[in-house]
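Hi,

Here is the structure we talked about. Please open it alongside this note; what I found follows below.

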Amino acid sequence: MNYKKNTLNFIIHKLATIIIFFIIFASAKGNDLDDNSHSPIQISDTWAAADSLGRKLPDYDTAGAPRDDKYVAIFYWTWHGSRHANPGYVNIDQVIRQHHDAINDYNHPVWEKYKGFNNHWSEPLFGHYRTTDPWVLRKHAEMLSDAGVDIVVFDCTNGSFTWKESYDILGETWMQARKDGVKTPQFAFLCPFGPVENSLESVSKIYNDIYKTGRFKDLWFYWKGKPLIMAYPDNIPEPMRSFFTFRPGQPGYKCGPQRKDDWSWLEVYPQNGYVEYEPGKFEMVSVGVAQNATDKLVPAAMNSKDQVYGRSYTNKNGFSNQPGAVLQGLNFQEQWDRALQIDPELIFVTGWNEWVAGRFENWQGTPNAFPDQFNMEYSRDIEPVKAEIGDNYYYQLTGNIRKFKGVHRQSQASKYHTIKIDGNFSDWQDISMEYCDHKGDTMHRSHKGYGNLFYTNSSGRNDITNLKVANDKKYIYFYSRCAKTITQSTDSNWMMIFIDIDRNLNTGWHGYDFLLNRKRVGSNKLSVEKNMNNLWSWNEISSAEFAVNGNELEICVPLNNLGLPNSDLELEFKWADNIKGDGDIMDFYLSGDTAPLGRFNYIYSFSAVD
């Protein structure tokens with residue numbers, strides 16, 4: 001035996017192990033390293049946001065570190081296509097507010113225009129859209145991605161309808177979004193409730209059209225090693241039966257699991273765990289915004305005369321009559337608290353965008369019955385709406401997903417950097433920490449909606465993709481890169497920055513204390529405005545230097561003009577191009593490009609290291 005050679009090999013092996021360990025440790029502990037070079041991309045779970053009630057999203061300190069073995073699915077409806085959307089529509093919530101006596105009167109004159117299943121409980125923020133509208137589908141991909149949703153589950157529970165015209169366009173739109181860097185959810189299908197002929201037909205159509213041919217493969221969601229399908233395997237022949245992981249889906253309501261492999265998509269509190277793979281450990285739990293159920297009956301019509309478990313209902317306190325209770329998501333939160341207590345592998349949320357309010361002369365003992373959706377209180381959609389609840393449920397969803405899945409630690413800059421505003425941008429190469437916005441989100445809209453509606457939106461202009469921030473002891477610097485050459489700086493509402501210097505929602509317009517670049521004040525100067533009276537009212541207090549060249553833009557603002565210290569600081573900010581600028585915060589979803597989307601903000605944190 002060559003002891004010297006073995007000893008040398010041993011030393012080399014140990015040194016290599018130490019080096020590898022150090023690299024892994026440094027990578028894992030990157031958020032604890034100095035300066036901002038350790039975290040080149042700021043992802044969405046580090047963004048800040050607060051809803052209209054001032055409820056802030058959890059951060060690392062409250063949600064903990066990421067848990068990669070947790071998943072969130074959401075019920076998604078692709079049925080807003082030509083079959084449902086051609087006739088006219090009625091906004092049920094508006095009808096009931098004006099004609100309360102029509103709630104349980106099937107023959108009330110107000111329903112004469114009602115056409116079966118072509119009406120909504122309220123109007124979505126994006127209008128009465130069809131799910132063949134790529135502009136809407138792209139927005140959904142970004143919003144669900146930003147919220148942390150991993151899977152959308154298409155509702156194919158009615159007959160043998162699979163809504164191919166919609167999922168084809170969704171698949172194409174989301175595949176392109178993935179090429180643009182959007183981490184879109186993956187998809188699965190929920191088929192009819194039982195091993196019936198309709199279920200066999202639906203599974204066969206889906207398998208032959210998508211899975212057998214390999215279409216949209218990057219969007220397939222796998223569960224236990226195979227693509228997931230929420231269908232009954234009992235009457236499914238080979239090779240389909242071996243191809244999928246089957247999880248039969250039911251609205252469990254109060255009955256709990258009925259077989260060893262089934263999943264629930266809606267239950268009354270306290271929900272059950274489904275598929276117990278170890279004692280006390282479950283694959284999934286369902287969470288609902290509301291439930292079409294009462295103490296006496298499940299399922300029940302949403303407009304039953306008995307108390308339905310609406311958005312303002314909890315098992316603990318019953319129905320809340322407090323003004324504005326519907327904005328709080330009391331039912332939704334109680335269900336989330338239960339799911340978080342069980343801590344399954346996957347949480348299934350109902351739902352995103354059902355909208356359709358089907359009406360029957362009599363159903364489950366309720367005259368003029370609306371089984372699934374009725375009005376703002378008695379509905380289950382999370383997608384933002386043109387009504388009082390707005391986008392509250394979207395951020396409530398996001399906050400609870402963070403509690404379930406954890407978040408990344410917020411990065412912090414620790415070195416002063418001085419940037420020369422000359423349109424050269426070479427100084428920014430030393431700033432490796434970047435904030436990213438979705439590429440490709442300035443696409444224009446031109447598509448039919450329900451009935452005779454037609455939606456257009458050509459406000460998308462500068463596609464913001466990458467952002468940076470730096471500061472020295474005198475200035476703070478902002479940088480933006482767009483996908484293509486930035487338009488003329490004389491354009492209206494051009495490349496503005498909203499800044500919240502104190503992270504306090506009680507100061508400024510929705511917390512934003514300053515607005516940069518609402519107007520030009522010189523060839524290389526832009527306005528610095530301070531908010532007045534927490535309204536959409538801005539007072540110009542100074543100017544800031546800027547330079548633009550090609551697809552890059554840089555801005556320099558004196559710290560004292562923003563009331564910022566020259567040492568440790570923390571602020572929130574967002575960029576916006578070609579928004580309407582009319583004081584409606586919901587326009588951050590609709591016009592131009594906002595980075596990040598909606599109420600989300602990036603956080604810039606700086607603490608100097610001597």
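Leaving aside neighbours within four places in sequence, Leu559 is in contact with Asp472, Lys473, Lys474, Tyr475 and Ile476, and also with Leu564, Pro565, Asn566 and Leu569. Bear in mind that this is a predicted model. Leu559 sits in the loop between β26 (552-558) and β27 (569-577). Its relative accessible area is 2%, under the 20% cut-off, so Leu559 counts as buried. Asn531 is 28 residues from Leu559 in sequence, and their C-alpha atoms are 17 Å apart.

Next, a helix pair. The axes of α5 (residues 134-147) and α6 (residues 164-179) come within 9 Å and cross at roughly 55°. The crossing of α5 and α6 is right-handed. From α5, Pro134, Leu137, Arg138, His140, Ala141 and Leu144 take part. They meet Ile169, Leu170, Thr173, Trp174 and Ala177 of α6. By class, this contact has eight nonpolar, two polar and one charged residues.

Last, helix α9 (residues 330-342). At 1.5 Å a residue, its 13 residues should span 18 Å. The end C-alpha atoms are 19 Å apart, which agrees. Buried in α9 are Asn331, Phe332, Gln333, Glu334, Gln335, Trp336, Ala339 and Ile342. Their cover includes β11 (281-288), β12 (313-314), β14 (346-350) and α10 (392-405). After α9 comes Asp343, with a positive phi near 55°.

Best wishes

Methods: Residues numbered from 1 in each chain as written. Predicted model: local features only at pLDDT ≥ 70, side-chain atom pairs only at ≥ 80, totals over all residues. Heavy atoms only, no water. Helix = DSSP H or I, 4+ residues; strand = E, 2+ residues; numbered from the N terminus. Expected span 1.5 Å × (residues − 1). Buried < 20%, exposed > 50% of the residue type's maximum accessible area, 1.4 Å probe, protein only. Contact = heavy atoms within 4.5 Å. Axes fitted to C-alpha atoms, helices over the stretch in contact; angles between N-to-C directions. Left-handed = near helix turned anticlockwise from the far one by under 90°. Nonpolar A, V, L, I, M, F, W, Y, C, P; charged D, E, K, R; others polar.
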